Amino acid sequence: MPETAVAVRELTLGEAVREALAEEMRRDPRVFIMGEDVAEAGTAFKVLGGLVQEFGTERVLDTPISEAGFTGIGVGAGMTGMRPVVDIMFGDFAGLIMDQMANQAAKIHYMSGGKWKCSMVLRTTLGATRRSAAQHSQSLHAWFCHIPGLKVVMPSTPYDAKGLLKSAIRDDNPVIFYEDKMMYKLKGPVPQDDYTIPLGVADVKRAGDDITIIATSSMVQVALGAAKLLEEHGVSAEVVDPRTLWPLDEKTLIDSARKTSRVIVVDEGYGRYGVTAELAAMIQENAFFDLEAPVKRMGAMHVPIPFSPPLEDATVPTESTVCAAALALCGK
Amino acid sequence: MSDVAIDNKLLLRMYRRMVMIRLFEEQVNDLYTRALMPGLAHLYIGEEAIAVGVCEALRSDDYITSTHRGHGHCLAKGAAIDRMFAELLGKEAGYCKGKGGSMHIADPDTGNLGANAIVAGSAGIATGAAFSSKRLGNGRVTVCFFGEGALGQGVVYEVMNMAALWKLPVIYICENNMYNEYTHVSEAAAGDILGRGPAFGVPSESVDGQDVRAVYAVMQRLAERARRGEGPSFLMANTYRFMGHHVGDISREYYRSKQEEQTWKSERDPIKVATEAILSQNIADRAALDLIQAEVKAEIDKAVQFAMAAPYPNVDKVEQDVYA
């Protein structure tokens, strides 16, 4: 980005999300927020604080605890001229809204032969290790990735969060925007003015030569931490963040795999039939003859997320487990 | 009956529209029986007065959402029969380029937000459209058609609650044809169906769904109420599905008697009810009604010919329209 004119501050990821929403709501009167305790409470995670004071309760709208109902209202509003941003507090509540997203929002454009559009964003959360137990800790984004007609966005930095959310709001399709609950306080540089990041463009978060770590959302910081540890072992790791799981920037991922010849995919969703499986298969289909080792997948263990801290911590990849896997892949 | 004067022209127009739906559906049944139509269709025969009476009371830019049994709603809201047939046959010229089929006819030009094959699947969409209308101040109302089977789906009550809280211009129309697929409503809906709305502060009433005049009259009142900003309402239209759940549902004795069907067909056919009213009030004579039937039949024949001759979509279109 240019160094002149644009003020860049340190913001948390939560603040970046709020700034994106505020800017889009100022820019476009059709944008509104609806969800449980989004107004005066500013959500359970306090991410939206202050928005209701600026935009009023007509545009920052508290709903009853009726996820399927208000998501459905979002779908209909998104078809008829509004640009709803629907807030689903915990990603675990995906089960409550799946018909609205998978059968309604995702399909109306296709089923109508391209005549109706559903312009809506569904903001929700993922991520374990918050001691919230099995129904408030899952990372279920793979469910939405499975459905044609939906887009899935997974920011890993405050900068990406702001730019991607603004793109999601301006998109004419239903977009699910995932925020890692544990990263709301993560700080990073964010330009003060308007910018967008197109959906479908991966970002190389750290360049390296020996191994590629493809990481999403909450796992990007883990991967960057692992890359630092690997440096001490003389292994140069490249960390690639797809940023959006659909549309997917296959080229950047494949190019990195070809360059380093070793790949680990790390994603906080369940490994089985999940995002890591998809990305690993894609890499092997496209870069098989450039690989020195099978693609390694790392995701949440295939268990309901337990409450007890030592048990919960064991379920998700960490810097040290990713580092160990990378060393093994490099034969070290 | 109605306390609203229904002028003669209007009644004849509604009669013609009901005949169009009836003949359309009979043609669909025929195409299916002759294996000329892919998939299945859920026929609206017997329920025509509801769609026609309701949509006649709407503005052309008002919204509707429809159901798996939706041909009647789409036609009543102004869909063209040739493109309807083309869609049912999976042809490129269809309303959805053949991608939707019988259960997914949608058409922005007539305010049709789409027929929905998930029971109660459109309750959210309809309420969301009403939300937009209120925010945008465009004066449009939305009608959410659903069968009494949808009373078993919780999302109906979620959105009704919000529509009442936010005073949205939406009218929930429950077409009670008495059968949730193959199960009688008495086995599926406990308590008082009309008691559900008032629990949310949503005024609720019922209407004889076989009398297009009665449906039109009550609908005019409900549409005006919604347009005035007084919030949602709930209308149960009592009716009967003359045919099976779908065109392939031929043997029905295990869930309802032939005599019950016969009674409805001979005594409560909405087209007969309208015919008797028209003749007894000397609005038109038998010959005039026969002429309407013949004219509509000719339109249907032409539309079917168009649809049969129309090309299928090219296979290279299969990945189009997934994303806007």
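## Domains of chain A

Chain A is assigned domain 1 (9-191) and domain 2 (203-329), with bounds that come from an automatic or database domain assignment. The structure is a predicted model, in which local features need pLDDT of at least 70, side-chain atom pairs count only at pLDDT 80 or more, and totals for chains, interfaces and linings use all residues. Residues are numbered from 1 along each chain as its sequence is written, while chains are lettered from A and ligands numbered from 1 in the order in which they are written.

The C-alpha centres of domain 1 and domain 2 of chain A are 26 Å apart. Their contact takes 27 residues from domain 1 of chain A and 24 residues from domain 2 of chain A; two residues are in contact if their C-beta atoms, placed from the backbone, lie within 7 Å. On the domain 1 side, two or more residues each come from α6 (141-145), β6 (151-153), α7 (158-170) and β7 (174-180) of chain A. Helices (H or I, at least four residues) and strands (E, at least two) are DSSP runs, numbered from the N terminus. This side of domain 1 of chain A has 16 nonpolar, seven polar and four charged residues. Here Ala, Val, Leu, Ile, Met, Phe, Trp, Tyr, Cys and Pro count as nonpolar, Asp, Glu, Lys and Arg as charged, and the others, Gly among them, as polar.

## Nonpolar cores

A nonpolar core is a set of buried Ala, Val, Leu, Ile, Met, Phe, Trp, Tyr and Cys residues joined through C-beta atoms within 7 Å. A residue is buried if 20 or more other C-beta atoms lie within 10 Å of its own, exposed if 12 or fewer, and partly exposed in between, with C-beta atoms placed from the backbone.

The largest nonpolar core has 202 residues, and Ile213(A), Ala223(A), Ala326(A) and Val215(B) have the most contacts inside it. Helix α1 (residues 8-33) of chain B gives the most to this core, with 11 residues. Domain 1 (9-191) and domain 2 (203-329) of chain A both give residues to this core, so the core lies between them. Leaving out residues up to four places away in sequence, Ala223(A) touches Ile213(A), Ala215(A), Val239(A), Val266(A) and Val322(A). Another core, of five residues, lies apart from the largest one and includes Tyr270(A), Ala300(A), Ile305(A) and Val316(A).

## Contact between the chains

In the contact between the chains, 33 residues of chain B meet 35 residues of chain A. On the chain B side, β2 (112-115), α5 (123-136) and α6 (154-165) each supply at least two residues. Of the elements of chain B, α5(B) gives the most to this side, with 11 residues. The chain B side divides into 18 nonpolar, 10 polar and five charged residues.

## Two buried valines

Val38(A) is in the loop between β2 (31-35) and α2 (51-55) of chain A. Val38(A) counts as buried because it has 25 C-beta neighbours inside 10 Å. Not counting residues up to four places away in sequence, Val38(A) touches Ile33(A), Thr43(A), Leu48(A), Val60(A), Asp62(A) and Asp87(A).

Val119(B) is in the loop between β2 and α5 of chain B. With 20 C-beta neighbours inside 10 Å, Val119(B) also counts as buried. Apart from its neighbours within four places in sequence, Val119(B) is in contact with Gly149(B), Ala150(B) and Gln153(B).
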